[in-house]
Amino acid sequence: MKTTEDLKKFYREKLYIALLPLERQRKKIVKVLAITGAVITFIVLGVTILTGGFSRSPNLFAFILSLILGLAAFAGAYFIVAKGYKNQFKSEIIEKLVKFFDEGLYYNPELRITSENYMASRIFPKEPDRYNGEDYISGKLGKTAVEFSEVHSEYKTESTDSKGRRHTNWHTIFKGIFFIADFNKAFEGVTVVLPDTAEKLFGFFGTMLQGYNFTRGKLIKLEDPEFEKEFAVYGDNQVTARYILSTSLMEKIMEFKKKTGRPLHMSFVNSRLYIAVSYEKNLFEPKLFATLLDFELVLEYYKDLALFTGIVEDLSLNDRLWSKD
Amino acid sequence: MVQGWYKGGSMEKYFLLGIGIVFVVIVFIFNSLIVRRNQLKNAYATVDALLKKRYDLIPNIVETVKGYAKHESELFTGIAKLRSEALSGQKTGKNKEELDREIGGALKSILAVSENYPELKANGNFLHLQKTLNEVEEQISAGRRAYNASVNDYNNAVMMFPTNIFAKLLGFKPGDYYTVTAGERENVNTGELFKK
């Protein structure tokens, strides 16, 4: 495991140099955006004056139209200049950081965990209507193959309002990091570990309700009361579920849950481990209106990455005491 | 007259409905008890199947270790005797549990002894057997935990009102949990022995 000291050294020796041209570019972009903004404001004001916006009978239509066009032009300019900057930042900085963890790791800012793998996890049974993602990382950490990326899955609902117009509404199923690893024990079947909302809300009655969740398979009651309070476990086999969720793994999962401080969904399907950690923010994005030459910023990217590459150690996935190599 | 007859009819209807509901509730309670007892039996059979897997491993392990550690013959005959006793199926209940505990202990001591033979530790076949045994032991422990969970489920039904009334009528008695002895608790994870 790399320490913060290692990271500081790496930052001084490698990252800083790579960050300098990006920082110059960022400043240029901010300047360009400021000028664009000023010019557009000027034009909007000009149009407003010319169409008599400040007279007694202001032409509201012309004012609003020029304002909307102005904002759209600004947004377009922002999108064009920021996109190149973002891509360059990712391929320069994030890739270097990923390689800093392990030379063997592969990073692609455009790829994502495939939707087939996402569905195979059985964590979110609902088929998404829209599936996006970026920042794909994969490789082998010790004996364990891992891959993860940002994923955003959504489903849509359609409604018709009183005037007969159709509206499409998008609802998020999952947004965050989706992580897949090769598990250290061989097993078949499905075991799903979900945040336990029912038991927290309704106590004993909640447990009874969980017993009747037919879509998920059988409820599996485990011995660890702390674990039971946080998670509800469903599976197709009582023994397999306990073979996977040994008492020590349950403790490790609790530790990991505390470390993330976020809703945690997990599943174990045919010798593979799937973890979905919910995030609101978009990870590994560069800042535009603040300096890049700040170690704290790098530390933040590093911590987000370390949380996931650290899973292998946190859950002792490299311990191959069983027949699976 | 006619009205009175109707009244009586509706009373009768309610009475029949009441009996119907009581009947459904009884069937439900009865079935839930049977389901739980069957689950318990099923969990027990699963542990048995896993123990059988362990018995099957014993000859292989003994054969492999024997080649390197000839002086430990006492251990080998001891475990062979325990194994044949277990396979004969004469012992049941607590006695069988005790026997399986002894087998687990004997296997552990064989593996502990093998620590003294570096050549044995480097043998690929032995390493494979060791991993397989770890896996079986882990599965047995999972099977026992599953068994205990079904005992818990079953005992709740047998002891709690109102299912306890029916349990008594049917002669269902609370089941025994599988317990870990103090000695076992000390070194539960045989895998720890092999960590370098």
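**View 1. Burial in chain B of the predicted model.** In this predicted model, 23% of the 196 residues of chain B count as buried. The chain holds 7 helices and 0 strands. Read from the N terminus, its elements follow the order α-α-α-α-α-α-α.

**View 2. Contacts within chain B.** Take the contacts in chain B with a separation of 6 or more. Of these, 77% link residues 24 or more positions apart.

**View 3. The largest nonpolar core.** This core has 85 residues. Those with the most contacts inside it are A:Phe148, A:Phe178, A:Phe179, A:Ala181, A:Val233 and A:Ile275. Helix α5 of chain B, residues 124–159, supplies the largest share of the core, with 11 residues.

**View 4. The surroundings of A:Phe179.** A:Phe179 is among the residues with the most contacts inside the largest nonpolar core. Neighbours within four places in sequence are left aside here. A:Phe179 is then in contact with A:Phe148, A:Ile275, A:Phe308 and A:Ile311. A:Phe148 and A:Ile275 are also listed among the residues with the most contacts inside the core.

**View 5. Where chain B touches chain A.** Here 13 residues of chain B are in contact with 10 residues of chain A. On the chain B side, α5(B) gives the most, with 11 residues. That side divides into 3 nonpolar, 6 polar and 4 charged residues.

**View 6. Helix α5 of chain B.** The helix spans residues 124–159. It is the element that gives the most to the side of chain B touching chain A.

Note on methods
Residues numbered from 1 in each chain as written. Chains lettered and ligands numbered in written order. Predicted model: local features only at pLDDT ≥ 70, side-chain atom pairs only at ≥ 80, totals over all residues. Core = buried A, V, L, I, M, F, W, Y, C linked by C-beta atoms within 7 Å. Buried ≥ 20, exposed ≤ 12 C-beta atoms within 10 Å, placed from the backbone. Helix = DSSP H or I, 4+ residues; strand = E, 2+ residues; numbered from the N terminus. Contact = placed C-beta atoms within 7 Å. Nonpolar A, V, L, I, M, F, W, Y, C, P; charged D, E, K, R; others polar.
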